[in-house]
Amino acid sequence: MHVLVVLVPGYSHLSLGAILEPLRVLGDIAPNCDVSVDLGAIGDLSVPSASAVLVHTSVPFAQCLKMLTTRERPDALFFCAGLKTPYKAQGDIQKLLRTAHRTGVPIFGTGCAAWKLADAGILHEGAGTVHWTTLPAFAERHQDIAARDALFVTSEQATSTPGDAATLDMMVRFIEARFSENLARQVCAHLMISYPRAGDAPQPRDSALRDAPASLRRMVGLMD
């Protein structure tokens, strides 16, 4: 399996680790899976995370686009962005996502990915999720898209997650779907994950609301 991971300045370093480490462990425990990862970038090859950690990538943006259009295109594109992206990157982000969508490469986006997928027209009349702090605004702006309070949501060939710890849950399900439940369990055991959360599980919020009745949480959601 060949995976392309593309970083956008301001990405979450936690999300990046949650993508790479399960794939690395999978390759270690099941060498016959033959997992290869290319790390690309939008902008400079050295990409700063939201926590100011620089990661040096090996695939420039133009090559990422070319890779998506060849016969040996990747089996999946992981679009790793934070909750905010630089304005000057918007055009390249749309090119990347639309190219992957046009060539049939499944997209797995973190952070603000659903916003970008929606702006690119990929989620039209589909579903997506963003961080709970911006979910009401997302629902208001994109009324043709089902905005779901969830850890990750798949709509046709595009999966969105708010990122961070939820990315790890998405990756466990990705391994389970692409390989096997048994290998997913082995990866969880190696990474000391007691149990992965279901994609439709609601996003954790402030503890005062976390234990509130579902009806009260719905009311607060409506007021938001």
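**Pocket, sheet and rings in a predicted model**

Biologist: Which residues line the second largest pocket?

Modeller: The second largest pocket is lined by P9, I42, G43, D44, S46, V47, P48, P86, K88, A89 and D92. A pocket here is an open set of points on a 1 Å grid over the protein atoms alone, where a 1.4 Å probe fits and protein lies on both sides within 12 Å along at least five of seven lines, and a lining residue has an atom within 4 Å of a point. This is a predicted model, in which local features need pLDDT of at least 70 and side-chain atom pairs count only at pLDDT 80 or more, while totals for chains, interfaces and linings use all residues. Residues are numbered from 1 along each chain as its sequence is written, and side-chain values use heavy atoms, with hydrogens and water left out.

Biologist: How much space lies in the second largest pocket, and which strand gives the largest share of its lining?

Modeller: The space in the second largest pocket is about 160 Å³, where a volume is the space filled by probe spheres set on grid points that are joined across faces, edges and corners. Strand β3 (residues 46-48) gives the largest share of the lining, with three residues. Strands (E, at least two residues) and helices (H or I, at least four) are DSSP runs, numbered from the N terminus.

Biologist: Now the sheet: in what order do the six strands come?

Modeller: The order is β2-β1-β5-β6-β10-β9, in an open sheet with mixed pairing, and two strands count as paired if DSSP finds at least two bridges between them. The edges are held by β2 (36-41) and β9 (153-155), each of which has a single partner strand, so one side of each is left without a neighbour in the sheet. On average, neighbouring strands of this sheet are turned by 20° against each other, with direction ignored. Axes are lines fitted to C-alpha atoms, for helices over the stretch in contact, and angles run from 0 to 180 degrees between N-to-C directions.

Biologist: Which strands does helix α2 touch?

Modeller: Helix α2 (residues 61-68) packs on the sheet and touches β1 and β2, its direction making about 145° with that of β1; contact means heavy atoms within 4.5 Å. Another helix, α6 (residues 165-178), lies across β5, β6 (107-110) and β10 (158-160), and runs at about 165° to β6.

Biologist: Staying with β1, how many bridges join β1 to β2?

Modeller: Six bridges join these two strands, which run parallel, and H2 stands opposite S36 in β2. Strand β1 (residues 2-7) also pairs with β5 (residues 76-80) in the parallel sense, over five bridges, where V5 has F78 as its bridge partner.

Biologist: How many residues of β1 are buried?

Modeller: Six of the six are buried, so β1 is largely enclosed by the rest of the structure. Buried means under 20% relative accessible area, exposed over 50%, and partly exposed in between, using a 1.4 Å probe and protein chains only. In a regular strand the side chains alternate between the two faces of the sheet. In β1 both faces are covered, with H2, L4 and V6 buried on one side and V3, V5 and L7 buried on the other.

Biologist: Changing topic, how many aromatic pairs does the structure hold?

Modeller: There are four aromatic pairs. Rings of Phe, Tyr and Trp (its six-membered ring) pair if their centres lie within 6.5 Å, and planes under 30 degrees apart count as stacked, over 60 as edge-to-face and the rest as tilted. One of the pairs is F78 with F108, which is stacked at 5.0 Å centre to centre with 20° between the planes. This pair links distant parts of the chain, since F78 is in strand β5 and F108 in strand β6, 30 residues apart. Both F78 and F108 are buried.

Biologist: Why is the pair of W115 and F138 edge-to-face?

Modeller: The ring centres of W115 and F138 are 5.1 Å apart and their planes stand at 80°, so the pair is edge-to-face. W115 belongs to helix α4 (residues 113-119) and F138 to helix α5 (residues 135-141), 23 residues apart. W115 counts as buried at 16% relative accessibility, and F138 is buried at 0%.

Biologist: Last one: is A52 buried or exposed?

Modeller: A52 is exposed, with a relative accessible area of 64%. A52 sits in the loop between β3 and β4 (54-56), and its phi is near 70°, a positive value in a residue other than glycine.
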